[in-house]
Amino acid sequence: MVLKVAIVGCGKIADGHVEEVRKMPELACVTAVCDLESLMAEQLARRYSIPAYYGDFEMLLNKERPDVVHIATPPASHLALARMALTAGCHLYIEKPLTLNLRETEELIRLANEADRKLTVGYSYLFDPPSLEAHKLVNSGYVGDIVHIESSYGYNLAGPFGAAMMGDAMHWVHRLPGKLIHNNIDHLLYRVTEYLPDDRPDIHAKGFVRRTVRYGDHRDDLLDELRVMVSGANATANVTFTCGARPTGYITRIYGSVNTLHVDHTNHTLIAEASSYLPGAFGRIAPAFHTARRYLKQGIANVGRFRRADFHYFAGLNTLLGRFYQSIQDGTEEPVPYRDILRISWMIDEIIQQTAGNVANL
Amino acid sequence: MIVLITGANGFLGSAVVRRLTHCDLREIRCLVRPGSDRSRLASVIAESPESNIRLVEGTLANARSIEIALAGVDIVFHIAAGMTGSAADLFLSSVVASKNLLEALRCQARTRVVLISSFGVYGRPGSSSKSILTEETSLETMPERRDLYSFAKHRQEQLFWEYREVQHFPLVVLRPGVIYGPGGSEISSRVGLSAFGLFLHLGGNNLLPLSYVDNCADAVVLAGLSETADGQVFNVHDDDLPTCSQFLKRFRREVRRLRVLHLPFWFTRSLSGALLKYSIRSNGQLPPVLTPYKCDASWKGCRFNNSRLKALGWQQNVSTEDGLSRTFAAHREKVKQPKAQMPS
């Protein structure tokens, strides 16, 4: 059975959803799109030849009867739209951040369970090829016991989304409890919870404002730097969100008792850190060549994937969607466990609460 | 008379404001986003400190701020538009923003609207490169197959005509070609594209429909203030147009050296076809940046005609020779500015 997919929210990310769904015609097909601003729904439908578009979500549910709804609207609307879609019998793929807080996340999962529908969230980088490869290596015991995780994410406030957000004091990001941090921190935290099993790790968060005063309103107080120390029972993690560092990058380092992995999500590389077995000065010369050889190997592997037409920007989203649709078809477990979703939601609440009273200027 | 300019700090917007300071107006109201760069407007204000320019902070994304900006306005010069970004970004900043403006205008049926559209809304004027593009040339029938900017501008202009049908407000539409000048972009995509450290010269000997920014501002203000222009469309470009090759040759001589690869149209079109096929076969691993359709629209070439604008009284005050000299001098100064370098 090919699942009928509807997308609500026709912003930038909706393009990625449509393109990835179209790559799996045996599993799913986008039959309708919806946006409160019907012009936005119209442009998406027209560019991708989608048969129907709506400015009213309830009308879409009634007329199209989709099997799956992708919710890609601002987060404040997620719970209400999800409730409507679940009532209409739809499974749900929801963009991050899933909800505004833990209480809403718990309610959403309860509603999905009661409706006997499946739910997943856009933790797409978890399913990128370097992330999956790293996961495999960790499970194989290559890194030994996890000692520490570093998760860092760079953001460009002058980029297309950043500029639009900063240019509009009423932008929905400014209305999130944790504002800009809230909209991005999932990407940092799901890389931590993947390897840190604690339900309620100890968290110490501090936020910073690095920019100079410019707007004369609440945008001047927007946190643009975040540092978080996470302590579990057996391992720790550092989380870094930065708008100041260049080039912007998205990196995870997994420190193990045997080996350390360096995952670069931006450049699609996974490198095992080189340690030298040579003595003295030779031992300090050799690692650069070892590391260069490993990057070369990764580069060649990426070229191979490109030749096989398997080097896509939204590869993680594609895998996540494929697994989600398959779980609906087969009645198997969702690709992102609900326990992880709840843990991340709790951590976000904790970080937002701590940074609210713990801000410094840089 | 009170006029409102959206996109007032933009490249064309600031030139229009400068031109309006020479008109007898009660107020020149400039809509600027809070916290936005206002350097161009600041220069205009510094040149004419006695002028009645008033900055109003607001955004076209917000209905309330549009209402405040529109209060008592006789003419709106709607110049704000998205230039870059994703399809959603461009649609939001050009089309949805325009819809918000048009909704706010419901209560002001007598306010005249001057819309800055684009050559991008036109379909191909004909199969021959000698065809003439005029205001009567049919509009694009499949804008979604064009570049995202043209797609958004096409829908934007369509929206204005749709609302005019219902609200009956006076509307003048100007469709400029390639606006250039000091502070503008260096080379139009009609000349070619930069890729892999090379400049791909794709425009060949096609005429380049240049419009020097001050000449374009003259046209905008003239059409905007004219009592006879209601309901009309005007193509805006200068008289003495160079070819793409001439423009590029002069740019290389006067601004900076470029490594140029000349690609004839037939080759570019064949390459576009191959790229499109690869994009489809690889499931979009490389996006179809070039397609035969886009290629035809951008580089097949045609001739141009601005007689309707001239009939309104417009004349080219800055010659293309002077315009290019001033523009290239400004680009040359910019090139000289030092860039951050990796320490050796």
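Guide: Helices (H or I, at least four residues) and strands (E, at least two) are taken here as DSSP runs, numbered from the N terminus. The model is a predicted one.

Visitor: With that settled, how many helices and strands are there in chain B?

Guide: Chain B has eleven helices and 14 strands.

Visitor: And how compact is chain B for its length?

Guide: Its radius of gyration is 20 Å, close to the 20 Å given by the globule rule for 344 residues, so chain B is as compact as a globular protein of that length. Along the principal axes, the C-alpha atoms of chain B fill a box of roughly 55 × 45 × 45 Å.

Visitor: What share of chain B is buried?

Guide: Of the 344 residues in chain B, 44% are buried. As for contacts in chain B between residues at least 6 apart in sequence, 78% of them join residues at least 24 apart.

Visitor: Next, the interface. How many residues of chain A are in contact with chain B?

Guide: On the chain A side there are 26 residues, in contact with 22 residues of chain B. Two or more residues each come from α1 (12–22), α2 (38–48) and α7 (160–167) of chain A.

Visitor: Which of the elements gives the most?

Guide: That is α2(A), with five residues.

Visitor: How does that side of chain A divide into nonpolar, polar and charged?

Guide: The side of chain A that touches chain B has eleven nonpolar, four polar and eleven charged residues.

Visitor: Back to α2(A). Which of its residues are buried?

Guide: L39(A), M40(A), A41(A), Q43(A), L44(A) and A45(A) are buried in α2(A).

Visitor: What do they pack against?

Guide: Within chain A, the buried residues of α2(A) pack against α1, β2 (28–34) and β3 (52–54), and in chain B against α4 (87–104). After α2(A) comes S49(A), with a positive phi near 50°.

Visitor: Different topic. How is chain A divided into domains?

Guide: Domain 1 of chain A covers 3–121, and domain 2 covers 126–268 + 345–361. Taken over C-alpha atoms, the centres of the two domains are 26 Å apart.

Visitor: How many residues of domain 1 are in contact with domain 2 of chain A?

Guide: Twelve residues of domain 1 are in contact with twelve residues of domain 2. By class, the domain 1 side has seven nonpolar, three polar and two charged residues.

Visitor: Now the sheet of eight strands in chain A. What is the strand order?

Guide: The order is β13-β12-β11-β7-β10-β9-β8-β14, in an open sheet with mixed pairing. The edge strands β13 (269–272) and β14 (359–361) of chain A each pair on one side only. On average, neighbouring strands of the sheet are turned by 15° against each other, direction ignored.

Visitor: Which helix lies across β8, β9 and β14?

Guide: Helix α11 (residues 338–356) of chain A does, running at about 50° to β8(A).

Visitor: How do β7 and β11 of chain A pair?

Guide: Strands β7 (residues 146–154) and β11 (residues 250–256) of chain A pair in the antiparallel sense over seven bridges. Y153(A) stands opposite Y250(A) in β11(A).

Visitor: And what joins β11(A) to β12(A)?

Guide: Five bridges, with the strands running antiparallel. The two form a hairpin with three residues between them, and I251(A) stands opposite D264(A) in β12(A).

Visitor: What about β12(A) and β13(A)?

Guide: Four bridges join those antiparallel strands, and L261(A) has A272(A) in β13(A) as its bridge partner. Their hairpin has four residues between the strands, and H268(A) takes a positive phi near 55° there.

Visitor: Last one, V258(A). Where is it?

Guide: V258(A) sits in the loop between β11 and β12 of chain A.

Visitor: Buried or exposed, and why?

Guide: V258(A) is exposed because it has 10 other C-beta atoms within 10 Å, and a residue counts as exposed at 12 or fewer. Not counting residues up to four places away in sequence, V258(A) touches V143(A) and G144(A).

Visitor: How far is V258(A) from A292(A)?

Guide: Their C-alpha atoms are separated by 21 Å, and the two residues are 34 residues apart along the chain.

How values were computed:
Residues numbered from 1 in each chain as written. Chains lettered and ligands numbered in written order. Predicted model: local features only at pLDDT ≥ 70, side-chain atom pairs only at ≥ 80, totals over all residues. Contact = placed C-beta atoms within 7 Å. Nonpolar A, V, L, I, M, F, W, Y, C, P; charged D, E, K, R; others polar. Pairing = 2+ DSSP bridges. Axes fitted to C-alpha atoms, helices over the stretch in contact; angles between N-to-C directions. Rg over C-alpha atoms; globule rule 2.2 N^0.38 Å. Buried ≥ 20, exposed ≤ 12 C-beta atoms within 10 Å, placed from the backbone. Domains from an automatic or database assignment.
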